[in-house]
Amino acid sequence: MVSHAKNAEKFTKDLEKVDWHDATLWGARSKRDLAAKSIPEWESLRTLASQIKENVLANLDEYLLEFEKNALLNGAEVFWAKDGEEHNKIVGDLLVKHNINNLVKSKSILTEECHLNQYLEDLGYDVVDTDLGERIIQFAKQPPSHIVTPAIHVKKEEIGELFHQYIGTEKGATDPQYLTEAARGHLREKFLNAEAAITGVNFAIAENGGFVVCTNEGNADMGANLAPIQIACMGIEKLIPKAEHLGVFLRLLARSATGQSITNYTSHFFTPKKNGKLYIVMVDNGRTEQLGREDFRNSLKCIRCGACMNTCPVYRKSGGYSYGYTIPGPIGSVLAPGRDDHEYASLPFASSLCGSCTNVCPVKIDLHDQLYKWRQQIVKNGNVDQSKKWSMQMATYIFEHPKLFRFMGKTARLFMRLSPRFLIYNSLNKWGKSRELPDSPKQSFRDWYINHKIR
Amino acid sequence: MSSREEILEKIKKNKPVGAILPVIPDFPGDGEELEKIFEKSLIKNSGNLISTNSINDIHEYINKNYSPAQKICSLIKGIEGNVDIEKIADPHELKDLDLVILKGEFGVAENAAIWLSENTMGFRVLPFITQHLIMVLSKKDLVENMHLAYKKINLKNVGFGVFIAGPSKTADIEQNLVIGAHGSRSLTVFLMN
C-alpha cells in the first residue's frame with residue numbers, strides 16, 4: 001500500500017531541493033497563466049475542449065471503430081489491447097517478427113503505465129528513450145516524476161555524473177548546453193541505427209485515422225521518420241472526432257503545460273512511410289472501467305498537460321515519487337484509485353482540496369471534487385489506515401453531540417494554553433510537525449456570539 | 001471474445017449518454033497585423049525572422065553564413081543547394097546535411113507554426129535531421145490562429161504533415177532552455193512580400 005505521507009517524508013528531507021522544486025513548478029504555472037491570459041477566448045476554449053471530450057466519451061466505441069477503419073485505409077495496422085500485459089506482448093511480438101535489434105522510443109506515458117521498457121528489457125532489448133528527460137531517468141534507473149518534465153527532480157550535478165558514467169562526458173561537468181550537446185551526439189547514433197521507433201500519441205483523429213505527436217526536441221520525428229518500423233501506442237481515450245478539433249486542443253495543450261503557444265514540432269502521421277510499416281496499438285488498461293464510474297469518468301478527458309501538477313501545493317512540495325503511481329499529482333490521484341483503491345488509498349488525501357487543479361485544467365476536469373468523492377468511497381470501503389479511521393469516528397461522535405463538543409472545545413483551549421510544549425508537539429500531533437499551532441483563543445465563537453447578542 | 005470485442009462491449013455498457021459536438025467558432029482577433037503577431041510568436045519560440053521582397057536576400061544570407069563545403073539541400077526553385085534530393089534513395093543518407101531550405105505551405109500568426117506536408121519535403125525526416133533549417137513563407141499565406149489553420153489544411157492524400165514553430169529545443173536539465181536537442185539547431189523564416 002502506497003503511503004503518500006511516508007514517501008513525501010523522503011523527498012522533504014532535502015529542504016533546499018524542495019524549495020527549488022516548488023519554485024520551478026510554480027514558474028511553469030506562472031508561464032501558463034501568462035499564456036492563457038494572452039488569449040481572450042481561453043475560457044471558451046476550455047469549455048469547448050471539455051464538450052468535445054464529453055462527446056468522445058459518449059460515443060467512444062463508434063469513434064474507435066471509425067478510427068480503426070480509416071487507419072486501415074491509410075495502410076496502418078491496428079491492434080487492440082485490453083491491458084498493459086497484452087499491449088507489451090503486442091509490441092514485443094512485432095519487434096521479434098521484424099527481427100529488430102535496435103529501437104528508439106519517444107515519450108509515452110502510456111508505455112510507462114504498462115511498464116513496457118521492463119518487459120522489453122526482459123526480452124533482451126536495449127530500449128533507448130530519446131526524450132532528454134527520459135534518457136536521464138533511464139540512466140538513473142528511475143520512473144518519471146512528472147508527465148511533461150520527467151526528470152524535474154534531478155539536479156544538473158547528478159545529470160553530469162550520469163552522463164559521465166554512460167556517455168563519457170567530462171567528470172564534474174554540469175553545463176546544460178554541454179550536456180545536451182553530448183546527448184545529441186549520443187542519441188543521433190541511436191536514431192541512425194534504429195530499425196524500429198516507438199512513439200506515444202497525443203491525439204488520434206477518428207475521421208481520418210491519423211494521429212498527432214507533439215515534442216519540442218523533435219525526437220519522435222527523428223525516430224519515427226528514419227526507422228522503417230513505426231509503432232504508436234495510445235490509450236483509447238486519446239480519440240477526437242475531427243481534425244478541426246485539433247485547433248482547440250493544440251491551442252490549449254502547450255500553453256497549459258509550459259506556457260508555450262505550441263510545441264515546436266506537431267507531427268501528423270497518416271500513412272506508413274515509403275518502404276515502411278506503421279502499427280497502432282490501442283490500449284484499455286482500466287479505462288473502460290473508469291468510463292463506467294459516473295463520478296470519475298471525466299478524468300478520461302485528460303490530455304496529459306501536467307498543469308494540475310504544476311499548480312498543486314502538495315505535488316510541488318512532495319515531489320512526483322511520493323504518489324507511487326506513473327501519473328502523479330491531482331490527476332494521478334484520481335486515476336490511480338480507479339486501478340486499485342486499496343493500493344492507492346492514500347492518494348486522494350494528498351490534497352488540500354484548494355481547487356487550483358480544477359481551475360487550470362484545460363479540459364475542465366472537476367479534479368478536486370473527484371478527490372473528495374474518492375475519499376468518501378475509500379473510507380466507505382474500509383481502505384483508510386486505523387489512525388485516520390479512529391480519529392474520524394471520534395470526530396463524528398463529538399460533532400453529533402453539541403454538549404460534548406462544547407466541553408471538548410473548552411478543555412482543548414485550556415489544555416493548549418497551559419500544557420508544556422512537549423505535550424502538544426509530539427508524534428501524535430502530525431499537524432504541528434513543521435508548523436506552529438495558532439494561539440488558542442480565550443473563548444469560542446459561540447460564547448462570543450452569545451455575549452454580543454445579549455448586549 | 002477478442003480484446004477488440006471485449007473493449008467495445010465494455011464501452012457500450014459503461015458509456016454515458018448524449019453530448020452533441022459543439023460548433024467551433026473561428027475566434028478572429030482584433031485586427032493586429034498578422035505579420036507582426038507572427039514575428040513575436042516566432043521570436044518567443046527561438047526562431048529568427050527576415051522579411052524580404054527578393055529571393056536574392058536568401059542567396060546572400062546563405063552565402064554569408066554557410067561555406068560551399070557544407071552540405072545544403074534546397075527544395076525551392078531559384079535556390080541551388082549542393083545535395084540533390086532526387087538522388088537520395090534512403091533517408092539515412094541525409095545525416096550530414098548542414099542546411100535545408102523548404103517552402104512553408106502556410107503559417108499561423110498566434111504561434112508561428114508553419115505547415116509542411118510530405119509532398120513538399122521529399123523525405124519526412126528532412127526538416128528534422130538537418131543541422132539548420134530555413135523556411136520560406138509568403139506573407140499572404142499567414143492565417144490568424146489554429147482554427148483557421150485547420151480549415152486551410154487539406155489532409156486528404158497527405159501521408160505525413162507537421163507544424164514546425166521553431167528550432168529543436170529542450171529544458172530537461174533544471175529547466176534551462178537549450179536550443180538544438182535532436183533536430184535543427186536553428187530556424188530562420190524568410191517572410192516574402
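Helices (H or I, at least four residues) and strands (E, at least two) are DSSP runs, numbered from the N terminus.

## Model and confidence

This is a predicted model, in which local features need pLDDT of at least 70, side-chain atom pairs count only at pLDDT 80 or more, and totals for chains, interfaces and linings use all residues. Residues are numbered from 1 along each chain as its sequence is written, and chains are lettered from A and ligands numbered from 1 in the order in which they are written.

The predictor gives the complex an ipTM of 0.98 and a pTM of 0.94. Chain B has a mean pLDDT of 96. In chain B, 100% of the residues reach 70 or more. pLDDT is the predictor's confidence in each residue, from 0 to 100.

## Two loop residues with positive phi

Most residues other than glycine have a negative phi. B:Phe27 has a positive phi, near 50 degrees. B:Phe27 sits in the loop between H1 and H2 of chain B. B:Phe27 is buried, because 20 other C-beta atoms lie within 10 Å. The cut-offs are these: a residue is buried with 20 or more other C-beta atoms within 10 Å of its own, exposed with 12 or fewer, and partly exposed in between, the C-beta atoms being placed from the backbone.

A:Arg304 also has a positive phi, near 60 degrees. A:Arg304 lies in the loop between H13 and H14 of chain A. A:Arg304 has 18 C-beta neighbours inside 10 Å, so A:Arg304 counts as partly exposed.

## The contact between chains A and B

Chain B gives 61 residues to the contact, and chain A gives 66 residues. Two residues are in contact if their C-beta atoms, placed from the backbone, lie within 7 Å. On the chain B side, the elements that each supply at least two residues are helices H1 (3–14), H2 (34–44), H5 (126–129) and H6 (146–152), with strands S8 (160–164) and S9 (169–170). H1(B) provides the largest share of that side, 10 residues.

The side of chain B that touches chain A holds 30 nonpolar, 18 polar and 13 charged residues. Here Ala, Val, Leu, Ile, Met, Phe, Trp, Tyr, Cys and Pro count as nonpolar, Asp, Glu, Lys and Arg as charged, and the others, Gly among them, as polar.

## Strand S8 of chain B

Strand S9 of chain A (residues 265–269) runs antiparallel to S8(B), joined by five bridges. Two strands pair if DSSP finds at least two bridges between them. A:Ser267 stands opposite B:Val162, and A:Tyr265 stands opposite B:Ile164.

S8(B) also pairs within chain B. Strand S5 (residues 113–117) of chain B and S8(B) are antiparallel, with four bridges. There, B:Trp115 stands opposite B:Phe163. Five of the five residues of S8(B) are buried. B:Phe160, B:Val162 and B:Ile164 point one way, while B:Gly161 and B:Phe163 point the other way.

## Domains of chain A

## Core and buried helix

The largest nonpolar core has 166 residues. A nonpolar core is a set of buried Ala, Val, Leu, Ile, Met, Phe, Trp, Tyr and Cys residues joined through C-beta atoms within 7 Å. A:Phe211, A:Met234, A:Leu239, A:Phe249, A:Val281 and A:Met282 touch the most other members. Helix H12 (residues 244–257) of chain A gives the most to this core, eight residues. Domains 1 and 2 of chain A each supply at least three residues to this core. Leaving aside neighbours within four places in sequence, A:Phe211 has contacts that include A:Val201, A:Phe203, A:Met234 and A:Phe269.

Helix H16 of chain A (residues 329–339) is largely enclosed by the rest of the structure, because 10 of its 11 residues are buried. Among the buried residues of H16(A) are A:Ile331, A:Val334 and A:Leu335. Their cover includes helices H13 (287–292), H14 (307–311), H15 (313–318), H17 (356–360) and H18 (367–380) of chain A.

Terms used:
Domain bounds come from an automatic or database domain assignment.
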